[in-house]
Amino acid sequence: MVTVLPDAKLLAGGQSLGPMLNFRYLMPENIIDLNHVEDLQGIQQDQDNTIHIGSMTRQYQIQKDPLLTKELPILSDALQWVGHYATRNRGTLGGSLAHLDPAAELPGICALLDAELSVQSKLGVRRISIHDWPKGFMQADLNENEILTSISLRPWPEPHGACFLELSRRHGDFAIAGVACLISLDDNDRVRRFAASVIGVANCPVRLRQAEKSLPGERYSESLAIALSQEINLLEAPADAHHSGDFRKRTAKTLLQRAIQQACADAAKKRSLT
Amino acid sequence: MTTLHRVSLTINGKIYEAEVEARITLADFIRHVCGLTGTHVGCEHGVCGACTIQLDGRAVRSCTIYAVQADGVFLKTVEGLQGSDGSLHPVQQAFSDCDGLQCGFCTPGMQMTIAAFLEENPSPTEREVRELISGNICRCTGYQGIVRAALQAAQAIRESKTHGRP
């Protein structure tokens, strides 16, 4: 159908496309509803521990899933911030990734975890790194004849701490800025591995590669966290009616400093449990 | 050219059937085709929560679902919240007791959201209740009465469960 129908738009959970259609922002000739495609739903773990989530798996299912809350707790932490109770009951992971709002939480978490996306067309399956997925502002690397089918996430093998923080005007609103961190520690409280992503401060989620290189080998300190957060100054943050780009960056820096501290504390706790 | 699609679904235990255009939202279907005007339509883009209903037991916005998508599903709207004997649902009773409404426009959406959530979690904290109703906009009450009502309803539901009543 995707290949045959002209000007067709795929409808996932409808929590973003629905409003756009209601506003007549978009007026496609055809809508293809994916809600009854069972093959696009579900959560599975394969032998090398990679977790595959069907693109039409609903956000509430991911939030409550026992495997995911154990293996990827950062995902359910972030999902608390995604929309509202009633929108998570419909909204899907794949829909959020295809919509690619710059302030959306789920693309940020997928970027943090180096997700691999599977995209299918009549020609076959194409696998794309989440880092190549955004092609511009709210534009995913998805052709008109393709469907995003599943998202593969690889949990960190070692015990690690996680923290997701966000600031928005009202719980469930679009984030002014948000940060996600994963940290593992060695036996001397030195950071072994660190990953951080930021949402709301650029066209798409951003990984803080400099900070990720600088922190390993060091022990946490407040001054170090402040120094690392300066990388956010380099981003070109968008402004809107409520918040300037500079305010978004300042917010993201403060959140990152707190998230590094909390993820380190969480990492120390997780390490003591093993 | 407009194609009509056959939709058959159950609302509050009663079957409704109609032929509708694909663009008709479920909220409009419930109100205009089925005549159940307890479900309110506010923003029509999934922000205000006034149109929240229960679809197969889960709270959803009926303005961002199309009626054609709901073929074969079971819905509950605010008209189906009370007991079969006409007694108020604990959430409805608590709204009345705690002044959880003034103008009443947001009330059906609030109650359908809270009632579904309490099925999942009958012991919410005040913070959880506040996060829950962050998706429902009320412009009269200031929310305090609604939060009190949700917590009172939760207690009533817990007590009725321990006393073995439905």
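## Strand pairing around T10(B)

In strand β5 of chain B, the residue that forms a bridge with T10(B) is F74(B). This belongs to the pairing of β1(B) with β5 (residues 74-76) of chain B, which is parallel and rests on 2 bridges; two strands are taken to pair if DSSP finds at least two bridges between them. Strands (E, at least two residues) and helices (H or I, at least four residues) are DSSP runs numbered from the N terminus. The structure is a predicted model, in which local features need pLDDT of at least 70 and side-chain atom pairs count only at pLDDT 80 or more, while totals for chains, interfaces and linings use all residues. Residues are numbered from 1 along each chain as its sequence is written, and chains are lettered from A and ligands numbered from 1 in the order in which they are written.

Strand β1 (residues 4-11) of chain B also runs antiparallel to strand β2 (residues 14-21) of chain B, to which 8 bridges join it. Within this pair, S8(B) lies opposite E17(B) of β2(B). The two strands make a hairpin with 2 residues between them, and N12(B), in the turn, has a positive phi of about 50 degrees.

## The two domains of chain B

Chain B is divided into domain 1 (4-80) and domain 2 (90-162), with bounds that come from an automatic or database domain assignment. The C-alpha centres of these two domains of chain B are 22 Å apart. Across the boundary, 14 residues of domain 1 of chain B are in contact with 12 residues of domain 2 of chain B, where contact requires the C-beta atoms, placed from the backbone, to lie within 7 Å.

On the domain 1 side of this boundary in chain B, β3 (52-55) and β4 (58-61) each supply at least two residues, and β3(B) has the largest share, with 3 residues. The residues on that side divide into 6 nonpolar, 7 polar and 1 charged; here Ala, Val, Leu, Ile, Met, Phe, Trp, Tyr, Cys and Pro count as nonpolar, Asp, Glu, Lys and Arg as charged, and the others, Gly among them, as polar.

Because 12 of the 14 residues of α3(B) are buried, the helix is largely enclosed by the rest of the structure. A residue counts as buried if 20 or more other C-beta atoms lie within 10 Å of its own, as exposed if 12 or fewer do, and as partly exposed in between, with C-beta atoms placed from the backbone. The buried residues of α3(B) include M110(B), M112(B), I114(B) and F117(B), and what covers the buried residues of this helix includes α5 of chain A together with β3, β4, α2, α4 (126-132) and α5 (144-162) of chain B.

D99(B) is placed in the loop between α2 (90-97) and α3 (107-120) of chain B. With 13 other C-beta atoms within 10 Å, D99(B) is partly exposed. D99(B) and A149(B) are 50 residues apart in sequence, and their C-alpha atoms are 7.8 Å apart in space.

## Overall form of chain A

Chain A contains 10 helices and 13 strands. A compact globule of 274 residues would have a radius of gyration near 19 Å, and the 19 Å of chain A agrees with this; the radius is taken over C-alpha atoms, and the globule rule is 2.2 Å times the number of residues to the power 0.38. Buried residues make up 46% of the 274 residues in chain A.

I147(A) is found in strand β9 (residues 147-153) of chain A and counts as buried, with 22 C-beta neighbours inside 10 Å. Leaving aside neighbours within four places in sequence, I147(A) is in contact with V2(A), L10(A), V119(A) and Q120(A). The C-alpha atoms of I147(A) and V2(A) are separated by 8.1 Å, although the two residues are 145 apart along the chain.

## Where chain A meets chain B

The contact between the chains takes 17 residues from chain A and 19 residues from chain B. On the side of chain A, α1 (17-22) and α5 (85-88) each supply at least two residues, and the residues of that side divide into 4 nonpolar, 10 polar and 3 charged.

Terms used
Contact = placed C-beta atoms within 7 Å.
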